[in-house]
Amino acid sequence: MAEQITKRSTSYSDWYVDIVLRAQLADYSPVKGSMVIRPRGYALWERMQQGLDKMFKETGHSNAYFPLLIPESFLKKEAEHVEGFAPELAVVTHGGGQELEEPLVIRPTSETIIWSMYKKWIQSYRDLPLLINQWANVVRWEKRTRLFLRSTEFLWQEGHTAHETEQEARDETLQMLDVYKRFAEEYMAVPVLTGVKTESEKFAGAVDTYAIEALMQDRKALQAGTSHFLGQNFARAFDVQYQTRESSLEYVWATSWGVSTRLIGALIMAHSDDSGLVLPPRLAPTEVVLIPIFRSKTREAVLEAAQTLARELRQEFRLELDTDENSSPGWKFAEWEMRGVPIRAELGPRDLENSQVTLVRRDTGEKESVPITGAAERIRALLEEIQQNLFDRALAFRQENTHRPETWEEMKTLFNGDGSDEQTARGGFALVPWDGDPATEALVKEETKATIRVLPFGNEEEARGKTCLISGKPARHMAVFAKSY
């Protein structure tokens, strides 16, 4: 049998790492804190890229590419930006055997290099809006790393747009937040909360940061994507002005937005189980694995039938035919379960006799036999059922683990437990009235390690007339607190 993985109930952290390694999604790099994305992991990232890229282009964006190396002086032009990233920067001081005149920073994000180019490209309102995205790698010198969730180098996309008016830029920011939400829910089958970040949690250099937040099976939150309204901060820092329709000069308005390979970590932690990876069909690199089962006497007939069926199904589905004869069927079943393939199709001598194929769902383990002639139709329907079931299951889990504690003590118990054992902490999302004071926010973090994940849209109205759960002062917002990755 395939090697067992750690159970979630034993160690959620070890379970997660076991799945990444055993499903061959990634491996540790010789460079501390970095990872090697293996073919199966990269195939999953490619599926994500394809889905997101289509959505970006449907909203008018084009792809470009900007340099990996950024002059150090560029980052210093936007003070809040450089201060926010300073501890994470990797700096190149030598090149070609000589000390560089000016150190170069390996991009932690590309606002500065992109805005230096926008100064050249934007002269008039006719050049706006400028809607550019790039698929790239970035480096942030992380001290505590975890495969896919937080690594020194990771892959992502970063959108950077320039607009005539503040309202256009704000509309863009929220439009891209909605794109991320739809991608998470429709492709990843992961329900997300949306809202604005607090001052202490926002992106360095942004006026407002919006996020999608997902709840993992260990009841911790994961920030899965962010969209930033940058105001005119970077336009002023790089003197990007345009001639208005009235022939005056005005600074442009900006946004940036991004998601990364962290989404793979979100997929694993939202859906997978103690047998391994569970993938939503719309993102699974392989939707169906066909496993012929035979003995020596039936080998030729079963393999021929399997190859015929595989040719037919490949016209519509991403299918792998497992003809490995060195492993037992049981081992192969466990191995394909580990890899998260949504449907396993089994074809043996008895199936041939009955002109049927056996289909097994990865999400529930349910089996059914269907006529070979109707296999494609049933697989098509089954994939949609699995996609919807994964979303419904994750949504029910989030609803069960969203709490409204009525006292500060109850909230502390939610995140810390009752003092007898850390396992008594339930975790999850806590939706509570908050006074808007950063000191109150800091107190919660100090005493529970929980932070404000988002201030949900429209929260001010619900908070009206309520008192802050922590300070007792009048509430200004309804805030979602959680421990997070």
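Biologist: Which handedness does the crossing of α13 and α14 have?

Modeller: In this predicted model, α13 passes α14 in a right-handed crossing. Helix α13 covers residues 408-416, and its axis comes within 10 Å of the axis of α14, crossing at roughly 45°. The two helices are therefore oblique to each other, since angles of 65 to 115 degrees would count as roughly perpendicular and those under 35 as roughly parallel.

Biologist: Which residues of α13 and α14 meet?

Modeller: On the α13 side they are Trp408, Met411, Lys412, Phe415 and Asn416, and on the α14 side Val444, Glu447 and Thr448. By class, this contact has four nonpolar, two polar and two charged residues.

Biologist: At what angle do α2 and α8 pack?

Modeller: Helix α2 (residues 39-58) packs against α8 at about 105°, with the axes 10 Å apart. An angle of 65 to 115 degrees counts as roughly perpendicular, so α2 and α8 are described that way. From α2, the contact uses Gly41, Leu44, Trp45, Met48 and Leu52; from α8, it uses Leu263, Ile264 and Leu267. Seven of the residues in the contact of α2 with α8 are nonpolar, one is polar and none is charged.

Biologist: How do the axes of α1 and α8 cross?

Modeller: Helix α1 (residues 12-22) and helix α8 (residues 262-271) have axes that come within 11 Å and cross at roughly 120°. That makes α1 oblique to α8. The crossing of α1 and α8 is right-handed. Tyr12, Trp15, Tyr16, Ile19 and Val20 of α1 meet Gly265, Ile268 and Met269 of α8. The contact of α1 with α8 comprises seven nonpolar residues, one polar residue and no charged residue.

Biologist: Now the sheet. In what order do the 11 strands stand?

Modeller: As a general idea, strands of a sheet pair through backbone hydrogen bonds, either parallel or antiparallel. Here 11 strands form an open sheet with mixed pairing, in the order β3-β7-β8-β14-β11-β10-β9-β22-β23-β21-β20.

Biologist: Which strands stand at the edges?

Modeller: Strands β3 (62-63) and β20 (402-403) do; each has a single partner strand, so one side of each is left without a neighbour in the sheet.

Biologist: In which sense do β7 and β8 pair?

Modeller: Strand β7 (residues 130-139) and strand β8 (residues 153-163) pair in the antiparallel sense, over 10 bridges. Within that pairing, glutamine 134 stands opposite glutamate 158 in β8. Helix α5 (residues 111-121) packs on the sheet, where it touches β7, β8, β11 (221-231) and β14 (253-260), and its direction makes about 30° with that of β8. Helix α14 (residues 438-448) also packs on the sheet, touching β21 (429-434), β22 (451-456) and β23 (477-482), with its direction at about 150° to that of β21.

Biologist: How many bridges join β5 to β6?

Modeller: Five bridges join β5 (residues 90-95) to β6 (residues 98-106), and these strands run antiparallel. Valine 91 stands opposite valine 105 in β6. The hairpin of β5 and β6 has two residues between the strands, and in it glycine 96 takes a positive phi near 60°.

Biologist: Where do the domain bounds lie?

Modeller: According to the domain assignment of the protein, domain 1 is 12-271, domain 2 is 286-381 and domain 3 is 402-482.

Biologist: How far apart do the C-alpha centres of domain 1 and domain 3 lie?

Modeller: Those centres lie 28 Å apart. In the contact between these domains, 18 residues of domain 1 touch 15 residues of domain 3.

Conventions
Residues are numbered from 1 along each chain as its sequence is written. This is a predicted model: local features need pLDDT of at least 70, side-chain atom pairs count only at pLDDT 80 or more; totals for chains, interfaces and linings use all residues. Side-chain values use heavy atoms; hydrogens and water are left out. Axes are lines fitted to C-alpha atoms, for helices over the stretch in contact, and angles run from 0 to 180 degrees between N-to-C directions. Helices (H or I, at least four residues) and strands (E, at least two) are DSSP runs, numbered from the N terminus. Angles under 35 degrees count as roughly parallel, over 145 as roughly antiparallel, 65 to 115 as roughly perpendicular and the rest as oblique. A crossing is left-handed if the near helix is turned anticlockwise from the far one by less than a right angle, and right-handed if clockwise. Contact means heavy atoms within 4.5 Å. Ala, Val, Leu, Ile, Met, Phe, Trp, Tyr, Cys and Pro count as nonpolar, Asp, Glu, Lys and Arg as charged, and the others, Gly among them, as polar. Two strands pair if DSSP finds at least two bridges between them. Domain bounds come from an automatic or database domain assignment.
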